[in-house]
Each structure stands twice: as structure tokens, then as C-alpha cells.
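Trainee: I've got the model open and would like to go through it with you. Can we take it step by step?

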Amino acid sequence: MARLSIEHLRKSYGDLTVVDDVTIDIADGEFLVLLGPSGCGKTTTLRMVAGFVPPSSGKLSIGERNVTALPPWKRNCGLVFQSYALFPHMTVAENVAFGLEMRKVAQAERSMRVAEALRLVQLTGFDGRYPRQLSGGQQQRVALARALAMEPDVLLLDEPLSNLDAKLRQEVRVEIRDLQRKLGLTTIMVTHDQEEALTMADRLVVMEKGQVRQIGTQRELYEKPADRFVAGFIGRSAFLDGEIAGNGRFRTKGGLDIACAAATGMGSATLALRPERIAVGGEAQGCPNHYEAKVEHASYLGALLDIHVSLSEHDRMLLQIPNRAGVAEPKPGETITIGWAQDAGLVYPREA
Amino acid sequence: MSAAARPSFGRLALNGAACLSLGFILLPLIFVTWLAFFRQEIPSFPPEGYSLKWFSAAASNKPFIDGFILSLQVGVLATLIGLALGVPASLALVRHRITLGPAVNTLLLLPLVMPGIVLGTALYVFQIETEIATGLPVLGSLGGLIAAHTLVVIPWVVRLVTASLTGFDRTIEEAAQNLGAGPLTTFWRVTLPSIRPGIVAAGLFGFVTSFGNLEMSLFLVGPGRTTLPIAILQYLEWKIDPTVAAASLIQIVLIAVAMVVTDRYVKLSRVV
């Protein structure tokens, strides 16, 4: 195992830049998740680390080794493919042994390590089966065992759970995470599934349009999103467009005056509020910011109620209230009081 | 009565048409088989009796035996050369953007649709011209015959192997490289085994095409060098006794056995 550093990595196809100046340091044994909408460059970044896509510029190092120019077969990165990519004509044991065979590991040690890898993924006894005789979840484990058996410096996971059904996904998530911790594997996982990313990662990298928007822990990303995109992508946010009207004051397009600790500087801006930090009814009366809002639409989501309200002709927002006993679902057209604390909102420069 | 219990008219018509076509295909085979066991020398119906003597006649007929050995030689060598040329060609056509790729593909498939007589005439003229130009004995030589047969094997190889490659998931090649295999090892250990059914089928069909080729070979064989189909044709010019039927039946059985044996290892129905 080793640390991995990605420095100023860039990939362009003609005029199209798909990965733009990505710099990430991954500590030894860290589980890092690349998260972003499809087409954000996360998979291309992973494929550059694996060596399948030559970077246009930038540097990749594993430990002290500069691997930027190395072909895939000399990188020692174990990659688990989204489609698993098991060799259909080889048995489970042959699949897992393939990496060891390429490294010319002696027969006796090879079978020992294959058995060990299969034990780790709880597939002992499946040695002689062919991939087509296995379920999706089992194939996924074989792919993982195959990557682990060669003792890679870095483990790469390309949306490894996306082909599993929801229940299995929950289990495998925990299994992979436990295994990764136990073996102390430096790991990069790519996913577009936010929940998956949040439950598995030590740190997350949010990417969009080829760029890193923010790197941080779950808490950092949720509490202090670096920009409007992250605020909207990690969890949900209610956005109010307007401008900064002096220190600590924000004025919405619709003319509402909001006390907001994060408002500093000048110019047009967007105020982002987490829907669950907005109080309703009596609780709201005590907040420094409280307003009469007209309910436009309410959705019942089980544990939560999603309520879309309008504060003025130009100011609409989303809030969430927990579904406690006795809480009635507000009806469209009803007027309710909503409010939030001075430090509840974050302010971002307005994006074009 | 439910609709499922009573077969619809369309269903019956389809089954009927299928049986008719199958009969049309099988009828000649059935007659050849039957004929091979007739006792009388001039085939006529009904048979006067049955006998196995034509099989021993076919097996001891020198032109047939020599023809069989030559056809086998030519078929095997043409198939091997056809595979050695056709597999890399298919790889290049499917994997790389080649200038005029579709044109090259069509060109490689062309011998399959070209009438044998036309192909034979063209090759005959070409080989004569080559002989005049180089002074080497080309026409009527074993090499010339094998080269021509390679030409009719290649379309089968290109067609079946490109089909296998098109449906091939390249991420397993990436997986092999990720596990430490270089390009050559990846090809031998992962790519080749995955397209093996296509290659085996191509070899089988290429061989059968070469083995049964008559029209083209007629132009290219030399004195004392006669393939089995030509030997059979020559025999038929003088006699019409069931020896020919017996020889044909032996061929049919050999090819059927080859197909059944091949099918045990690769499912031909999946590739063709």
C-alpha cells in the first residue's frame, strides 16, 4: 500500500477538456470517493490512474514512483470494473490467480493467495465455478478478490455496486469498507450515488465539468460547501437569489431583507439554506429571520415532509420538516410562518 | 376452449412451410444415401436389391483415394493459411480505423459471392501470366492450388471472426492489462480464447468450402493432381454406378462427424 498523488492532471480531446487541472493527494490507507454527475470527468480520472487513458498533462505518483508514463500492466493498481470484466473462459480460481501468474508467483504460493483472497470475499469453495454460473453479487466479489490477490498498491473501484440490486448494494458497501479498513488499502472509488459515497468514504472529491469543486469529509461538504454546485449536489439546498446589502445583510430579488452572518462583500449573490434548518410555526417566530410564506406544494416522504413555499413573487424555496406526531401536512394556499437563524445560510457569488 | 389449445392457422402454415423447406434440403441427401446401397449398376427404381459393394469399390478406387488425400492436404493448408491471414485482418478491421476499411472488408468477402467459374477463369489467366512473367511453374502446382483455395477460405474467416470481435467486451482485455499482462499475453490469454468459437467455426466452414470446391479447382489442377470433387466428376463421365453415391456418402458422414465433434467444444449455432 502506498499514498497516491495526482498533480495537475488534465485530459483534453481536441478542444474538449474532460479533466481539468485535478490535484488530489490520497493518504496511505485512505478511502477516497470521486463523486459527481455523469460526464464530470471522474471515470476518466480513474482510468488515467489505472493507465488506460494517457493524460494530456500532469503527474501521477504511487508512493515514490512516478507512474505517469507507465503502461497499465506495470502500475500495480487493482481495478474493479463496473461490469466486473471477469474472464469468461476461466474458473473463479483462474481468474483470481491471473494477476499472480503474471507476476510469476510460484504455484504453491499462488494457490495459497487465491484461497486467501476467496476467503476474504467469502467465496471459499467456488474455485471451480465459471463466472456465468455465479450471481451478480458473487461475480462482483470475484472481481474484488482478483484485484486484491495481486496485492495492489492502490485499489480502484469504478462504480462497483451499480449493477447490484438495492438490498445487496447496502451489504456489499459495508463489506468492501470493512475489507478496505482491515487491509489498509489506499482506495479510490468512483460513483454518482451520493448515499453510497457518503457511507463509504473517508474523504470525498466532488467533481463537475472536469474540475474538482471541493475535497473534504462528509461533514465539511455538507456544512461548508465550497460553492453553489456543491451546496446543491451534496444534500439539498434552498436557494434564494439576490444581492449582498452590506455586512451581514442579504436582500432577495423579491425585496426580503435577511440577516445573514455569511454575507460579506458586495454584489449579486445566492443564499443557500439547508431545508431542514428552517423552522416552521411557533418555533419560527423566535428566529431573527421569520416570514409569512404561502405553501405552493407539499409532498409526504415518510420521515419527512417536503414543502415548497413562496415568500414573495420572486422568492421561492424548499423546506423540510420532520414528520412528528400531530404535525399536519400543510395544504397548498395555506400561509405558514417560517424562520431561520442568522448563521443558517451560506452565501455564494451568483453564477451566470 | 382456450386459444392456446387450438393452434392458429398462421402457426400451422409456418410449421408446414418449415417442414417443406427442410424436406427440400434433406431430399438429395436421402436419395444419395439410398442410392449408395442399390445393388444394380444402373440406378433405377425400384432397386433390385441392396449391397455394400459400392463402398468397397469407392474405397479401392485409386483416383478417389488420391483425390481425397489431395483435397485433404489442400483443405487443411488453405484453412491454416486463411486463418493466419484472416484473423489479423479481422482484428485490424474491427479494432482500428483503417482508411477504406469497409471497402477492404467487402473485398475480403468477395470470393464468397463470386461465381466459381469466374474466379477459376480469373485465377487461371493470372497464374498463366505469372508463369510467363516469372518463369516459375505456378499453374497446376500444389502451391497455386493452395493459394487459390486460401482465397475462398478467407471470406469465412473474416466474416465469422469479425462477428465474434464485434460482440467482444474489451473491458476484459483492460482487466488483463490491469492485472499485469502485456499486450501479447493479453491477446493469447484473453482475446483469443474469447473469439475461439468464431475461429473454430471459420476453420470448419473454410475447410468444407475448400474440400468441396469444384468449379474453381477445375481450372487450376495439373496432370496427375486431381482433387476429390474433380475425380468424382471424371468418374461420372464414364459410369453412373452407385460408387459415386457411396463416395459422397462417406464425405457427408465425415463432415457431419467433424461438425458434431466441433459442436461439442464450441456451439456453432451461437457463432454462425
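Trainee: Is A:Lys209 buried, exposed or partly exposed?

Mentor: First, this is a predicted model, where local features need pLDDT of at least 70, side-chain atom pairs count only at pLDDT 80 or more, and totals for chains, interfaces and linings use all residues. Residues are numbered from 1 along each chain as its sequence is written, with chains lettered from A and ligands numbered from 1 in the order in which they are written. A residue is buried if 20 or more other C-beta atoms, placed from the backbone, lie within 10 Å of its own, exposed if 12 or fewer, and partly exposed in between. A:Lys209 has 15 C-beta neighbours inside 10 Å, so the label is partly exposed.

Trainee: And A:Ala85, buried or exposed?

Mentor: A:Ala85 sits in the loop between β6 (77-80) and α2 (92-102) of chain A; helices (H or I, at least four residues) and strands (E, at least two) are DSSP runs, numbered from the N terminus. Its phi is near 50 degrees, a positive value in a residue other than glycine. There are 25 C-beta neighbours inside 10 Å, so A:Ala85 is buried.

Trainee: Which element gives the largest share of the side of chain B that touches chain A?

Mentor: Contact here means C-beta atoms, placed from the backbone, within 7 Å. The contact takes 14 residues from chain B and 18 residues from chain A. On the chain B side, α7 (171-178) and α8 (183-212) each give two or more residues. The largest share, six residues, comes from α7(B).

Note on methods:
Contact = placed C-beta atoms within 7 Å.
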